[in-house]
Amino acid sequence: MKKEAESLIEKEHGTNPKISRYWIQRYDLFSKYDQGIEMDEEGWYSVTPEEIAIKQAERCRGKVVIDCFSGVGGNTIQFAKVCSSVIAIDIDPMKIALAMNNAKVYGVANRIDFVTGDFMQLAPSLKGDVLFLSPPWGGPTYSKVESYKLDMLLPRDGYSLFQTALSITPNIIMFLPKNIDLAQLEELACLSSPPLTLEIEENSIGGEIKAITAYFSSNVV
Ligand code: MGP
Ligand code: SAH
């Protein structure tokens, strides 16, 4: 019976034009996909591929991390493996339910504090060593523009998001479109007071660029 239900889901995902492109990549997204991973449409096109999430988490080893836009848990799960604690926030209760399920599949659910809420509103009450921001980019059409600008990010423009994050810690990681305007990121770092160090990482899977990760940190030792 279970096998029948699984093959029905596979058929549906494989033929749904909005999902099939991502479903083909399902094991890049979650290597344990077949062990009970659950997704919704936004989850399919937004989740950080596992290999990239592992690399980002490694940079935060031993730290208290806040995953401010946790989605279905692609990053949260990897943070939970190596960080001292993880707070996972999402405004959509369905995402939190999916992330909890997916964290159970990876055996790390008990290492995560899940919070349903708006990051912008919760910010004043948050404390952590590192903030991870992987906000909505406006859907899969983000790549249609030649140069993606920070003010296209949601739920608020990238400048407001960054300022809100800075009020918590200067150690900010942003997961951004591959066509992001890099000059705007440099500007964010230089114009912060005091100026921040910025490291840009190109994230590829199988030799194909998927996204950019920007690591901001304080110069003050
Ligand atoms: P993509 O270009 O839409 O997918 O997104 P695809 O088909 O893998 O790319 P292609 O160039 O090979 O055709 C690439 C990656 O960006 C996805 O795997 C997600 O990790 C990430 N991503 C995409 N979107 C639309 C979002 C988003 O809105 N928010 C976040 N945080 N990540 C996204
Ligand atoms: N990194 C995630 C994907 C994040 S997608 C992963 O790997 O799975 C962006 C998420 O931001 C969506 O799940 C969306 O529900 C959430 N979101 C949108 N507005 C938000 C807000 N104001 N506060 C918190 N989460 C928000």
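At the start of helix H7 (residues 93–105), a side-chain oxygen of aspartate 92 comes to within 2.9 Å of the backbone nitrogen of methionine 94. This is a polar contact, that is, a pair of N or O atoms within 3.5 Å; within protein, one atom must be able to donate a hydrogen and the other to accept it, and residues adjacent in sequence count only if both atoms are side-chain atoms. The model is predicted: local features need pLDDT of at least 70 and side-chain atom pairs count only at pLDDT 80 or more, while totals for chains, interfaces and linings use all residues. Residues are numbered from 1 along each chain as its sequence is written, chains are lettered from A and ligands numbered from 1 in the order in which they are written, and side-chain values use heavy atoms, with hydrogens and water left out.

Helices (H or I, at least four residues) and strands (E, at least two) are DSSP runs, numbered from the N terminus. Just after H7, glycine 107 adopts a positive phi of about 70°.

Which residues of H7 are buried? They are Lys95, Ile96, Leu98, Ala99, Asn102, Ala103 and Val105. Buried means under 20% relative accessible area, exposed over 50%, and partly exposed in between (1.4 Å probe, protein chains only). An α-helix has 3.6 residues a turn, so residues three or four places apart point the same way. The buried residues of H7 pack against H4, helix H6 (74–82), S2 and S3, where contact means heavy atoms within 4.5 Å.

**The sheet**

Seven strands form an open sheet in the order S3-S2-S1-S4-S5-S7-S6, with mixed pairing. At its edges stand S3 and strand S6 (196–205), each with a single partner strand, so one side of each has no neighbour in the sheet. Neighbouring strands are turned by 15° against each other on average, direction ignored. Two strands pair if DSSP finds at least two bridges between them.

| Parallel pair | Bridges | Residues standing opposite |
|---|---|---|
| S2 and S3 | five bridges | aspartate 90 and threonine 116 |
| S1 and S2 | four bridges | isoleucine 66 and isoleucine 87 |
| S1 and S4 | three bridges | isoleucine 66 and leucine 131 |
| S4 and S5 | three bridges | leucine 131 and isoleucine 172 |

Helix H9 (residues 158–166) packs on the sheet and touches S4, S5, S6 and strand S7 (208–218); the direction of H9 makes about 155° with that of S5. Helix H10 (residues 182–191) also packs on the sheet, touching S5, S6 and S7, and its direction makes about 150° with that of S6. Axes are lines fitted to C-alpha atoms, for helices over the stretch in contact, and angles run from 0 to 180 degrees between N-to-C directions.

A crossover is right-handed if, with the strands pointing away from the viewer, the path from the first strand over the helix to the second runs clockwise.

**Serine 46**

Serine 46 lies in helix H4 (residues 41–46). The residue is partly exposed, with a relative accessible area of 39%. The side chain of serine 46 reaches the backbone oxygen of glutamate 42 at 2.8 Å.
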